[in-house]
Amino acid sequence: MRPVTEKELSEAVRDAAGPLAIRGGGTRPVGRPVAGEVLETGALAGVRLYEPGALTLVAGAGTPLVEVEGLLAAEGQRLPFEPADWRGLLGTEGVPTLGGMVAANVSGPRRAQAGACRDSLIGVRFVDGAGAIVKNGGRVMKNVTGYDLVKVMAGSWGTLGVLSEVSFKLLPAPETAATLVFAGLDAGPSVALMAAALGSPWEVTGAARLPDARTALRIEGFAASVAYRRGELAGHLARFGAAQVLEREETAAFWADVRDVAPFRGQAGDVWRVSVKPSDAPDLLARAGGAAMLDWGGGLIWLLQPEGTDLRAVLGPFKGHATLIRASVETRARIAPFQPEPAPVAALANGLRARFDPRGILNPGLMA
Amino acid sequence: MQMPQPNADVLARRDRIVARLRDVLPPDAVIDDPTETRAYECDGLTAYRCPPLAAVLPASTDEVSAVLAICHAEGVPVVPRGSGTSLAGGALPTEDSVILGVARLRDVLETDYDNRFIRVQTGRTNLSVTGAVETDGFFYAPDPSSQLACAIAGNIGMNSGGAHCLKYGVTTNNLLGVTMVLMDGTVVELGGAHMDAGGLDLLGLVCGSEGQLGVVTEATLRILPKPEGARPVLIGFNANEVAGACVSDIIKAGVLPVAIEFMDRPCIRATEAFAHAGYPDCEALLIVEVEGSEDEIAEQLGLIRQIAMRHDPVEFRESQSEAESAKIWLGRKSAFGAMGQINDYMCLDGTIPVSELPFVLRRIDEMSKEFGLDVANVFHAGDGNMHPLILFDANKPGDLETCEAFGAEILKLCVEVGGCLTGEHGVGIEKRDLMHVQFARDDLEAQMRVKDVFDPKWLLNPAKVFPLDASAGRRG
């Protein structure tokens, strides 16, 4: 099914005879495998409103991300959270959509400084499991009118409703950017370096450590400001060694690779994504073994593991969560892709799903 | 303001309920003497008052849990209360309710600069969170104007904002985790020192739920390194439209000021008479603040000057010193006090798309004449959050009602042009009955389902947020 209007989407859900597998661009096959009739949102496309002077955009959930990024770039603006493209990582084709990006709450390196996808999302329209059309939030960035369903829709992977329209707060794109690269630091010193950088007033917008032990910091802004800040940072961090500088073009390519987890592209094995307090990262890396990439100053760990590994059993107890992003259908059926929750929290989440999707037809079991 | 009939059965069991609360709390933490419960009869929305059945002041998460378990078992409504600064009646009691105040939960539990967070008990005031980290060069970004008094618990309940949201976001963007007690006494941890949710983002639901989903006792908050410096500029214009166009041009030019404040002529005149900040006598005034090193500030202000000059300002005043910066902010910060000097006033809080500013101000002016009440406008122009202040005389019969009717019309206008009823104050009881203006039945139904899950008996903070007719079937 491929509804073209929100009304058609509503009818399709209302009249569904059984489970639905909801698909935006089909580029992120994450979670428990879902058996069901495919419901595609790609035809619910089109930018409804773009006001550069108000930093806001409203678009159909099926709108291709690339189309929106082009539109914003022409006005010198962008989505603040640097959405990732996982096609290379997951070996998928298709075109990432805004709705899919929101359903997965996908944020890139700038998340550490500018917030996640859910932080820039200011409004949604969706169809719940009974076919009712629901709106929440809107097109203004300050809005506390009623409960904030916008946040819970982000990252709900289509299990609470099928998104039909999304609204974002935007930011100006910077005039230029540069990257400082420190070579050969172990995870401990690397995380310490990133903490010192992110705790400084120079507004570092990316802090990552690649599997080859390069630690990188990004600065963005007006040219004079970037020149000043990179000098201050290099001096402030001199104890970690001398930094190589990447200029604008190289910076863009470098961070696109971090964003899209390029180092794990085409590498055999399962890929896990672990969110922790940054200073816990070095210890968890040691426990996990294997290739690893750190983003968000260490708060996000990407791990390459032998196929079928239950990473949570390997790590033991830790504070945060681990999500299995890339694995075979068999592995994703056997090992819970999403972090199991304590009973009272799971009861709340299950209660919400039961209320929003009483028949259990929206991507059933995907996050179980 | 219509409120539901108090539960006679609960009122009849008053002594037994108070006795049970005394079993789990120290003697001075349970207040039921009618002369003392009057201290809790209202919050910042003083037009509405109702003493609660009792007030409790637990000092730990365990005590909160014990109180809620008792109230759950006894079927007693509970009204959570931070510092009671809500302008929306968010902490207004009902006659059959127990006020649960977090005033004794004030500790800093953990400060972590490497990971840039602070964990506090939620009775702590907003400003004292920054106070705990500022000597080390950090701050907590959300800065509601009541920040000297308001509690983090209330900030989370209302998803509070402030003047610096354009750059730093509101409470929900700076909240990493909470310890929360559900109505039945169950303690849950949502989020933590890490980023993003592992499953559904329940933390995002809790923030802004006006104390209706649980009682938040501890919070992990993001702290940020202080910028090297900050400086405001004051720009005066002879028309609201021009000021609005200038704001739009600044944003389009790629500058991201940390704050853009707007004041209209009635507001400028009143604050000038009150605070003598040296504001020019003009139709509209912008205060734009930028951050960074000296050179970075100079570059951004240079760009803003270029843009402003294209709009023919009557005044462009760049601060040259700390004292001048303070003077530029002085008028804006005394705006509410200045209004209070003139008359009673009602402060509205709608948000509009920034592009609709000139139209909305024109309509408010027309309505002001129709209703016969004066209005002054202060406005977070960067994010569209308006604070029209309607002046009225509380001693004049009918004036409050006229003022409320006028306020409702302004909020409806905000919704009509694509905005919302409340940008940072919350719905409470004040905007409860206007929710139908912004939301269709299914929109409200979806929100009420969330409450069904967290608080199935609908005991937490009753009669708020949802129009009484919409929630009637659920409130029992």
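User: Why is B:L190 called buried?

Analyst: In this predicted model, B:L190 has 24 other C-beta atoms within 10 Å. A residue is buried if 20 or more other C-beta atoms lie within 10 Å of its own, exposed if 12 or fewer, and partly exposed in between, with C-beta atoms placed from the backbone. B:L190 is therefore buried.

User: What is B:L190 in contact with, leaving aside its neighbours within four places in sequence?

Analyst: Contact requires C-beta atoms, placed from the backbone, within 7 Å. On that basis the partners of B:L190 include A:V345 from chain A, and B:G177, B:V178, B:M180, B:L202, B:L203 and B:V206 from chain B.

User: Where in chain B does B:L190 lie?

Analyst: B:L190 belongs to strand β9, residues 187-191. Strands (E, at least two residues) and helices (H or I, at least four) are DSSP runs, numbered from the N terminus.

User: What makes the phi of B:D196 worth a note?

Analyst: Phi of B:D196 is near 70°, a positive value in a residue other than glycine. Most residues other than glycine have a negative phi. B:D196 sits in the loop between β9 and α8.

User: Is B:D196 buried or exposed?

Analyst: B:D196 has 25 C-beta neighbours inside 10 Å, so B:D196 counts as buried.

User: How do you know whether B:D312 is buried or exposed?

Analyst: The count for B:D312 is 11 other C-beta atoms within 10 Å, so B:D312 is exposed. B:D312 is in the loop between α11 and β15, and has a positive phi of about 55° without being a glycine.

User: How are residues and chains labelled, and which pLDDT limits apply?

Analyst: Residues are numbered from 1 along each chain as its sequence is written, and chains are lettered from A in the order in which they are written. Local features need pLDDT of at least 70, and side-chain atom pairs count only at pLDDT 80 or more, while totals for chains, interfaces and linings use all residues.

Methods:
Two residues are in contact if their C-beta atoms, placed from the backbone, lie within 7 Å.
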